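Have the sequence and structure open as you read.

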Amino acid sequence: MLNIIIFGKPGSGKGTQASLIKDNYNLVHISTGDVFRKNTSQGTDLGKVAVQFMSKGELVPDEITISMLKEEIKSFMPCNGFIFDGFPRTIIQAESLDDLLKSMELNIDMVVALDVENNKLIERLLNRGKTSGRSDDKSEEKINKRLEEYDKKTKPLIDFYKNQKKFISINGVGDLNDVTTRLISIIDSKIS
Ligand code: B4P
C-alpha cells in the first residue's frame, strides 16, 4: 500500500493535484474539505456542524474531523492506498491518523508539501470565490483567517513529519501540469 499526504496552505493546490495524480498510483483520494462540503449540501448533521466553522475560515473541531476521517478510511478498505488532501491539519489529527494506520499495520509513506507564497494564495482563492459559491473564498478577511489557522494549528506538522523523515516540499507555483510533473517525479523517486 502507498499512503501519501498532500500538504500545504489553503489554496496551495492540494485538491487540484491530488485529483490529478491519484490514478497514476491507483489511490483513493480523501479530501476532508470535500466530505464536509458534500455533507453540508446534503444537510446532514455533520454538515450542519462543519459549515459553522468552515464559513468563518476556522478548522472544524478535531473530534468531529477525526471520527469522520476514520469512517471514510474504513469504507474504502481494502484498497491500494490513500492520498490524503487537507488531512491532517493539526498534531492531534496526525497522531490519530498514525494510530489508526498502525492498528491496520499501515503507515504514511510521505508528506509532500506544495509551497506557494501568501499573496498568490489570496489571489487564487479570491478568483475561485467568484464562481465556486464557497463562502470561505469570498473575502480577503476569511482567507486571512484561514491562513492564520494554518500558521497556528497546521504549520507545526512540518516538524512533526520532518522528525519522522517523511516531509518533502516542492514548488507549488506555475502551470498546473508543471506542478503535477514535479509531484510525480518526487513521489516516483521515493518509491522506486
Ligand atoms: P479544503 O477543502 O481542504 O481546501 P483548501 O485548503 O481551500 O484548498 P486546496 O489546497 O485543496 O486548494 P485547491 O486545489 O482547491 O479546506 C476548506 C475548509 O474545510 C478548511 O478551511 C476547514 O474549515 C475545513 N477542513 C478541511 N479539512 C479539515 C481538517 N482536516 N480539519 C479541520 N477542518 C478541515 O486550489 C485552490 C485554487 O487554486 C483553485 O481555484 C485552483 O484551481 C487554483 N490552483 C491550484 N493550483 C494552481 C496553480 N498551479 N496555478 C494557479 N492556480 C492554481
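## The second largest pocket

α2 (32–42) and α3 (45–54) each supply at least two residues of the lining of the second largest pocket, and α2 gives the most, with three. Helices here are DSSP runs of H or I with at least four residues, numbered from the N terminus. A pocket is an open set of points on a 1 Å grid over the protein atoms alone, with protein on both sides within 12 Å along at least five of seven lines; a 1.4 Å probe fits at the points, and lining residues have an atom within 4 Å of one.

The lining includes R37, T40, S41 and R134. The volume is about 160 Å³, meaning the space filled by probe spheres set on the points, which are joined across faces, edges and corners.

## About the model

This is a predicted model, where local features need pLDDT of at least 70 and side-chain atom pairs count only at 80 or more, while totals for chains, interfaces and linings use all residues. Residues are numbered from 1 along each chain as its sequence is written, and side-chain values use heavy atoms, leaving out hydrogens and water.

## The ligand's spot

The ligand takes up the space of the largest pocket (more than half of its atoms lie within 2 Å of the grid points). That pocket comes to about 890 Å³, and of its 48 lining residues, the closest to the centre include G11, K14 and R134.

Ligand oxygen atoms lie 2.9 Å from a polar backbone atom of G15 and 2.7 Å from one of E58.

Methods. Polar contact = N/O pair within 3.5 Å; in protein donor to acceptor, adjacent residues only side chain to side chain.
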